[in-house]
Amino acid sequence: MSVQLYNTLTRKKEKFVPIEKGKVKMYVCGPTVYNYIHIGNARPVIAFDTVRRYLEYRGYEVNYVSNFTDVDDKIIKAANELNEEVGDLTERFIAAYHEDVSALGCEEATAHPRVTEHIDDIVEFIQVLIDKEFAYESRGDVYFHTRKFEGYGKLSHQSIDELKVGARVEENTIKTDPLDFALWKSAKDGEISWDSPWGKGRPGWHIECSVMAKELLGDTIDIHAGGQDLAFPHHENEIAQSEAATGKTFANYWMHNGYINIDNEKMSKSLGNFILVHDIRKQVDPKVLRFFMLSVHYRHPVNFAQELVESAANGLERIRTAYSNLQHRLSISADLAEDSELWLNKINEQIKAFETAMDDDFNTANAIASIFELSKQANVYLLEKNTDRRVLQQFIDTLDKLMDVLGLPFENEGELVDDEVDALIQERLDARKNRDFARSDEIRDQLKEQGILLEDTAQGTRWKRG
């Protein structure tokens with residue numbers, strides 16, 4: 001089965017067919033770097049990192065571009081309030097972004113372009129729009145003439161007459177139409193600015209992504225993705241200015257993730273439920289946050305609540321425990337079992353179930369269900385007296401492979417990494433056999449002091465670092 005994805009542009013699932021066989025050009029809108037990212041920002045990063053990982057699992061070479069907006073009204077305001085240079089502020093929060101998303105298990109983008117690195121390209125792009133009469137200059141600002149673009153509204157599925165002044169679009173007497181949006185903003189006193197044919201200024205928000213996508217991926221890209229809140233006006237405006245400039249389709253597939261609510265309420269600063277990743281990952285394992293996010297289909301809303309996060313933590317721990325038990329049994333197993341093919345077939349069934357779920361618009365919720373089933377089957381298999389190393393290894397390899405697609409690789413679960421620890425655990429086992437419980441307890445305490453926690457299970461003694 002081929003990958004099917006929901007295209008916001010057509011409002012239906014479509015078979016994914018890339019422009020170039022075996023290769024994917026993917027652009028994901030990144031953050032405006034004036035603060036730490038919140039969990040709403042984290043959702044598209046996690047969702048589309050997983051999309052990328054699965055496409056790579058399916059054999060595609062993915063050119064994944066995600067930008068930084070490093071000049072913007074909010075950035076200038078924050079820099080002024082903190083008495084900090086704009087460049088210093090953005091550099092600090094770009095570093096914080098990398099730290100947060102790395103903790104969340106996200107791969108580095110192929111490229112992380114910054115607006116300030118593409119000012120000349122932006123000026124050139126705007127001039128093309130002016131030359132084609134899709135844009136006009138007014139008192140040092142440059143605006144896109146929205147009504148001149150015939151397809152405006154096709155992403156939000158509204159006619160231009162139905163569209164009202166929306167986010168970041170304000171009534172302005174120097175525009176010819178309220179829906180016209182800024183491509184270039186003239187500089188105010190003391191603001192960061194660049195030279196242009198229209199005077200000193202800086203780019204508008206929407207033009208940035210069009211230019212960076214074109215420069216790094218070409219006139220037409222395969223997938224453009226971002227949060228649901230970006231569909232209008234940001235992505236609608238990207239389509240208009242890009243297709244007006246090039247005369248070509250800007251993106252073949254548009255993907256948007258759903259919102260995050262906090263305890264069934266919309267997240268907002270006014271409600272005091274605004275959660276920064278920088279803060280929450282000090283309280284919750286960031287891998288649990290990722291697992292929690294992926295437990296819901298990316299297009300559906302997520303309700304962030306303590307009991308749901310705890311449930312996700314328990315679910316992830318069940319998978320990790322099964323994996324650890326498999327590793328331990330493998331280390332002591334040398335048996336061959338007659339029903340090995342039956343179990344290998346069961347494993348393959350769950351691989352197919354995982355792939356079927358992910359092929360269906362990257363349904364991570366159903367994919368995780370298949371991993372839970374695989375873990376359950378592994379636990380059943382471990383109850384058997386005679387186990388086959390081939391089956392144990394296949395369980396381990398499959399869990400490794402599928403969890404890696406979700407960005408949740410196992411990290412040395414249950415592996416002995418120090419011969420001295422290994423020897424102490426064996427000595428403790430010998431002491432217990434000899435009923436020398438004082439020595440057994442002494443060794444346990446000694447290991448605990450070194451940060452090694454022991455767990456006695458039916459499969460033997462396991463350990464982990466505390």
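1. Axes are lines fitted to C-alpha atoms, for helices over the stretch in contact, and angles run from 0 to 180 degrees between N-to-C directions. The model discussed here is predicted. Two packed helices are described by the angle between their axes and the distance between the axes.

2. Helices α1 and α10 have axes that come within 11 Å and cross at roughly 125 degrees. Angles of 65 to 115 degrees count as roughly perpendicular and those over 145 as roughly antiparallel; α1 and α10 are therefore oblique to each other. The crossing of α1 with α10 is left-handed.

3. On the α1 side, this contact uses T50, Y54 and Y57. On the α10 side, the residues are I351, F354, E355, M358 and D359. Sorted by class, the contact of α1 with α10 has 5 nonpolar, 1 polar and 2 charged residues.

4. Helix α10 covers residues 340–359, and α11 covers residues 364–382. Their axes lie 7 Å apart, at an angle of about 170 degrees. Angles over 145 degrees count as roughly antiparallel, and α10 and α11 are therefore roughly antiparallel to each other. Their crossing is left-handed.

5. Which residues of α10 meet α11? They are W343, K346, I347, Q350, A353, F354, A357 and M358. The partners in α11 are T364, N366, A367, S370, I371, E373, L374, Q377, V380 and Y381. This contact of α10 with α11 divides into 11 nonpolar, 5 polar and 2 charged residues. F354 and M358 of α10 touch α11 and also belong to the contact with α1.

6. Rolling a probe the size of a water molecule over the atoms shows where empty space is left. In this structure there are 2 cavities of 30 Å³ or more. The largest cavity holds about 50 Å³ of space. A47, T50, V51, L294, Y298, F362 and T364 form its lining. Helix α1 (residues 39–57) gives the largest share, 3 residues. The lining of the largest cavity has 5 nonpolar residues, 2 polar and no charged.

7. The second largest cavity has a volume of about 40 Å³. Its lining consists of R43, I46, A47, M293, L294, V296, Y298 and T364. By class, 6 are nonpolar, 1 is polar and 1 is charged.

Technical notes
Residues numbered from 1 in each chain as written. Predicted model: local features only at pLDDT ≥ 70, side-chain atom pairs only at ≥ 80, totals over all residues. Heavy atoms only, no water. Helix = DSSP H or I, 4+ residues; strand = E, 2+ residues; numbered from the N terminus. Parallel < 35°, antiparallel > 145°, perpendicular 65-115°, else oblique. Left-handed = near helix turned anticlockwise from the far one by under 90°. Contact = heavy atoms within 4.5 Å. Nonpolar A, V, L, I, M, F, W, Y, C, P; charged D, E, K, R; others polar. 1 Å grid on protein atoms, 1.4 Å probe; cavity = no way out; pocket = protein on both sides within 12 Å on 5 of 7 lines; lining within 4 Å. Points joined across faces, edges and corners; volume = space filled by probe spheres on them.
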